[in-house]
Amino acid sequence: MLSLFSFSGLDLDAGKMNIPYADKVTHFTFYMIFAILGCLFLRERSRGNIKLGKATILMGFVAVFYGMLIEVLQYTLTADRMAEFGDVLANTFGAIVGVGLIKWYFSKERPLKWKF
């Protein structure tokens with residue numbers, strides 16, 4: 001739960017690299033990877049019984065809900081962390097892109113095959 005951890009006491013500005021929207025890019029990337037790995041995890045744990053379409057929908061909702069929950073918890077439980085609507089958007093778009101990549105990669109031309 002590093003999302004709720006305060007980094008205010010740490011000296012993280014040693015390099016002073018100013019990358020515009022680096023926070024949003026990080027949110028997007030994390031949730032994209034979260035959705036991809038989540039879809040593959042659901043398929044693996046169910047031994048292929050959960051169809052890819054169902055796994056992508058379920059994981060998309062889980063990732064978006066988790067992102068919103070973390071932002072609400074940051075707002076309510078921490079004193080020096082802020083909830084941002086931009087973070088929720090980055091999380092949501094990351095999850096959508098992750099699910100889309102899974103659906104695209106394992107399309108009819110390249111189906112996901114499970115050998116159990």
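**Entry 1: Thr92.** I looked up threonine 92 first, and at 18% relative accessibility it counts as buried, where buried means under 20% relative accessible area, exposed over 50% and partly exposed in between, with a 1.4 Å probe and protein chains only. Threonine 92 sits in helix 3; helices here are DSSP runs of H or I with at least four residues, numbered from the N terminus. Its side chain reaches the backbone oxygen of valine 88 at 2.8 Å. I used the polar contact rule: a pair of N or O atoms within 3.5 Å, where within protein one must be able to donate a hydrogen and the other to accept it, and residues adjacent in sequence count only if both atoms are side-chain atoms.

**Note on the model.** I am working from a predicted model, in which local features need pLDDT of at least 70 and side-chain atom pairs count only at pLDDT 80 or more, while totals for chains, interfaces and linings use all residues. Residues are numbered from 1 along each chain as its sequence is written, and side-chain values use heavy atoms, with hydrogens and water left out.

**Entry 2: Asp87.** I then went to aspartate 87, also found in helix 3. Is aspartate 87 buried or exposed? Aspartate 87 counts as buried because its relative accessibility is 4%. Leaving aside neighbours within four places in sequence, I find aspartate 87 in contact with Asp23, Lys24, His27 and Glu71; contact means heavy atoms within 4.5 Å.

**Entry 3: helix 1.** I checked the span of helix 1, residues 22–45. Its 24 residues reach 34 Å from first C-alpha to last, close to the 34 Å expected at 1.5 Å a residue; the expected span is 1.5 Å times one less than the number of residues. I listed its buried residues, among them Lys24, His27, Tyr31 and Cys39. The buried residues of helix 1 pack against helix 2 (52–77) and helix 3 (85–105).

**Entry 4: Arg47.** I found arginine 47 in the loop between helix 1 and helix 2. Its phi is near 55 degrees, a positive value in a residue other than glycine. Most residues other than glycine have a negative phi. At 55% relative accessibility, arginine 47 counts as exposed.

**Entry 5: aromatic rings.** How many aromatic pairs does the structure hold? I get seven. Phenylalanine 30 and phenylalanine 34 form a stacked pair, 6.1 Å centre to centre with 20 degrees between the planes. The rule is that rings of Phe, Tyr and Trp (its six-membered ring) pair if their centres lie within 6.5 Å, with planes under 30 degrees apart stacked, over 60 edge-to-face and the rest tilted. Both phenylalanines lie in helix 1, four residues apart, about one turn of the helix. The rings of tyrosine 31 and tyrosine 66 have centres 6.5 Å apart and planes at 40 degrees, so I logged that pair as tilted. The tyrosine pair links distant parts of the chain, from helix 1 to helix 2, 35 residues apart. Tyrosine 31 is buried at 5% relative accessibility, whereas tyrosine 66 is partly exposed at 29%. Phe30, Tyr31, Phe34 and Tyr66 form one aromatic cluster.

**Entry 6: the core.** Last, I looked up the largest nonpolar core. Of its 14 residues, Cys39, Ala95 and Ile102 touch the most other members. Helix 2 gives the most to this core, with six residues. A nonpolar core is a set of buried Ala, Val, Leu, Ile, Met, Phe, Trp, Tyr and Cys residues joined through side-chain atoms within 4.5 Å. Not counting residues up to four places away in sequence, isoleucine 102 touches Ile36, Cys39, Leu40, Leu52 and Thr56.

Definitions and conventions:
Helices (H or I, at least four residues) and strands (E, at least two) are DSSP runs, numbered from the N terminus.
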